[in-house]
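Hi,

Here is the structure I promised to pass on.

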Amino acid sequence: MDHPAAHIDAAAVATLREERVDWRHKVIPPSFWGHTVAEVLEAAPRLSQLPTPVLSLSRVAMTHNRDVLAAWCAERGVALAPHGKTTMAPQLWAEQLAAGAWAITVANLPQLAVARAFGVSRVIVANAILSPLTLRWISDQLAGDAGLDVMVWADSPRTVALMHEALAAHADTVGPRRPLAVLVERGAAGGRTGARDEATAVAVAEAVAASPHLELAGVTGYEGALAHTTDEAALQVVHTYVDSLVSLHRRISGLLPADRTPVVSAGGSAYFEQVADGLAPLVAGDEARVVLRSGAYITHDDGFYRGISPLGSAPRTTGPGLRSALHGWVRVSSQPEPGLALFDAGKRDLPFDEGLPEVQLVRARTAGAPPAPITGATVTALNDQHGFLRWDPATEAPVVIGDELRLGLSHPCTAFDKWSLIPVLDDADADDPVVVDLVRTWF
């Protein structure tokens, strides 16, 4: 089954290079205030010219990760709809779509609005949409763009009834509209949203099929809320859940319009190999378009995803491993007691919800020297704007005030939202990396 990639407005993405940077962008030093992004990049600044703290992305690692997962999906005949909420960066969405992504996934109206502002042509909204205001806006978007495909989720007949009522009232006011595509969400006990049993899910599908303002598009769900480890018990939970998606698809596929290819979608960044394996019979039988929604793979990390990803430090599938493209650069600002240093970044700068940063190296104290690895020192806490680095107070201090450190970070989903502009470095391992791009985020 072909999986034609969605489109994005390349001209709209290109205009981001014309944006002027200033004090609103905490990564930009005063010497570049008032310049456009294009002018900053033309100057090819180095990391040493940026004030700390800095969150950076690695160009080589992101390109590697993008291409690895695109190839991995293509080999298995599955489509990819990266979860755009991870980065909220249309520049990176454009790269993912250029690599063949079938759609972009978002979670709510503000994120959908960003996707539409940049002309994304196919969007999965991984949530139920109940606000009449939002439903009217989506309906108008569909009416104004014949090439647009938006899919939302539903896990209850009441959800369907509320969507139907809002869209029916809108149609009475503005006239007939294209129906809104709906994926039936199957859940599981202890999970997040989603119908907890197949009978309820079938009832949802029947309600969608009965509404002239809605169109049944397939089945969806999210396995990542059901497990958090890679032991056999956790993987079995995911496997059992994926089987329930197959069963539901086969129960309701006959309710879909004849001209719509059924979609069966799951697969975050932690268990995508389990999802692809479990849904493989649907691919082999050409029964449905199987769509993974992995998002964090584009940057991977040095924490949660490094440990749990199928292409992480303990791989569970074939293919090149993913690489961390996400780093924090901080400066030691205080050493108030033996065994303790404070650095100039905290919760407002770096992610911490899935593990604290890990100290990796110290940049050279003298020009021309290479960075040096640090061992025996651990980040133990983050305040709002301070980080705590500790080591055995009986040993020699591995850092001095003024040292610049590179930190490995965990969980990109809570990193991008802290930075409106993120520098992309050519090589994060270089003595003084060059900034080759500035990625704009929209949170």
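How many salt bridges does the rule find across the interface of domain 1 and domain 2? The rule finds 0 there, with a salt bridge being a side-chain nitrogen of Lys or Arg within 4 Å of a carboxyl oxygen of Asp or Glu.

Some housekeeping before the rest. This is a predicted model, where local features need pLDDT of at least 70, side-chain atom pairs count only at pLDDT 80 or more, and totals for chains, interfaces and linings use all residues. Residues are numbered from 1 along each chain as its sequence is written, and side-chain values use heavy atoms, leaving out hydrogens and water.

Now the domains. The chain splits into domain 1 (10-57 + 322-440) and domain 2 (61-299), with bounds that come from an automatic or database domain assignment. The contact between them (heavy atoms within 4.5 Å) takes 18 residues from domain 1 and 21 residues from domain 2. Together they bury about 1,700 Å², and carbon and sulfur atoms give 68% of that; buried area is the accessible area (1.4 Å probe) that two parts lose on being put together, summed over both. Leu322, Arg323 and Phe416 supply 33% of the area that domain 1 buries against domain 2, more than any other three residues.

On a 1 Å grid over the protein atoms alone, a cavity is a set of points where a 1.4 Å probe fits but cannot get out, while a pocket is an open set with protein on both sides within 12 Å along at least five of seven lines; lining residues have an atom within 4 Å of a point. Grid points are joined across faces, edges and corners, and a volume is the space filled by probe spheres set on the points.

The largest pocket has a volume of about 470 Å³. Both domain 1 and domain 2 give residues to its lining, so the largest pocket lies between them. Its lining has 27 residues, and His83, Lys85, Arg192, Tyr222 and Tyr305 lie nearest the centre.

As for cavities, there are 2 of 30 Å³ or more. The largest cavity, at about 70 Å³, is lined by 13 residues; Arg192 and Tyr222 are among those nearest its centre. The second largest cavity holds about 50 Å³, and its lining includes His170, Arg178 and His213.

Happy exploring!
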